[in-house]
Amino acid sequence: MTKRKRHVIKHDNIVVFPGAVQTLIREGHLFAENYQYEKAVASFEKAFVYETGDEFALSAYAFALYEIKDYDKAKNVCEQLFTMGTSLYVEVMELYITICMQLKDYHQVETLITTLLEENVLPHDQVEKFERLKSLNREVSRNLEKRENAQHLIEEQEYELAKFSALSPNEQSIRIHRLMDSNVRQLKTALKAIIECSTIHPFVQSLALILLVEQEVAIDITVSKFEQTKVVNPANLVLPNQLPQYGEIKNIIEMKLEQDPTTLEMVQYLMAKHAIVTYPFEWHPFQADDVAYSYIDFVLTMLGNVQEMDYEIMDFLQMLEKLTELH
């Protein structure tokens, strides 16, 4: 009597015993049925390393991912199922739509359900459910839009020049920092007014300009500080530490202080701060090498070493240092 041969899987020279993958998939289903979704995801993912799951395993995996709020990965698994041509089309589509709503892809949900209803691809007993989903999606989308509009109005008032100017420079700086993770395009007119206002602290002017540069906001702005004026467009500007003179000064300092890392670190720290205040003008009209050696002298003086120095540039650096003393 001959023994029945069983399929052996190899992965990265590791032999997987027959039935091990099926055991992991069964465990995944069992964990999912018992609401242990993190364990279910772990089991499915171990199994999928060795072989592609069938539609039942993948759909259970997608559901478990949804339950642990890993929406992006769950969405990708649903799309994989659609590509395969799953017999669980309606169930997976319902999950997919719910995931899109969690990801705030409301326009995609509206388009998707409208297409499903118009093309009559849904079973008759499922039509009402998807119509309710469409209605819910529209309501959630409208409510979010209302909240965003209300928040925008609040922000516009907070950054309106007259109100903003009444704050102390420290408070202004904090307000600008609050916008670091926000889309500032809707506030570009308010930020332009702040940057162009001659009574706004130079450091705050620069912070507002950097916000617009980081998000490549296209708007012409007239910047005036340190008796210099120029028209800039943030969409065409680079950040302070990417400007030409900054690079020149940095290279000179690094060569000069190669054997003195402590002084080098202090100089680099001052440079980085001061580059924000002077932005977008840098240290003009001074030459890069004069500025570099003055920074070294400045730090050595702070450390108690008396130096011969260019007092005009030194006064400028001391002014910049005072202007960076904001929280």
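Predicted model: local features only at pLDDT ≥ 70, side-chain atom pairs only at ≥ 80, totals over all residues.

I started with Phe316, which counts as buried because its relative accessibility is 13%, and the cut-off for buried is under 20%.

**Ring pairs**

I ran the search over the whole structure and got 13 aromatic pairs. One of them is Tyr66 with Tyr71, a tilted pair with 5.7 Å centre to centre and 55 degrees between the planes. I looked up burial for both: Tyr66 is buried at 17% relative accessible area, and Tyr71 counts as buried at 15%.

Back to my two Phe residues: the ring centres of Phe286 and Phe316 are 5.4 Å apart with the planes at 50 degrees, so I logged the pair as tilted. This pair links distant parts of the chain, 30 residues apart. I found Phe286 in the loop between helix H13 (261-278) and helix H14 (288-302), and Phe316 in helix H15 (residues 311-323).

I also noted a cluster, where ring pairs link Tyr35, Tyr37 and Phe63.

**Ser224**

I placed Ser224 in strand S3 (residues 221-225). Is Ser224 buried or partly exposed? I have it as partly exposed, at 30% relative accessibility. Leaving out residues up to four places away in sequence, Ser224 touches Gln205 and Thr229. With Thr229 there is a side-chain to side-chain polar contact at 2.9 Å. I also looked at Pro280, 56 residues from Ser224 along the chain, and the C-alpha atoms are separated by 9.7 Å.

**Asn233**

Last, I found Asn233 in the loop between strand S4 (228-232) and helix H12 (244-256). Asn233 is buried, at 18% relative accessible area. Beyond residues up to four places away in sequence, I see Asn233 touching Val217, Ala218, Ile219 and Asp220.

Methods:
Residues numbered from 1 in each chain as written. Heavy atoms only, no water. Helix = DSSP H or I, 4+ residues; strand = E, 2+ residues; numbered from the N terminus. Buried < 20%, exposed > 50% of the residue type's maximum accessible area, 1.4 Å probe, protein only. Contact = heavy atoms within 4.5 Å. Polar contact = N/O pair within 3.5 Å; in protein donor to acceptor, adjacent residues only side chain to side chain. Phe/Tyr/Trp six-rings, centres within 6.5 Å; stacked < 30°, edge-to-face > 60°.
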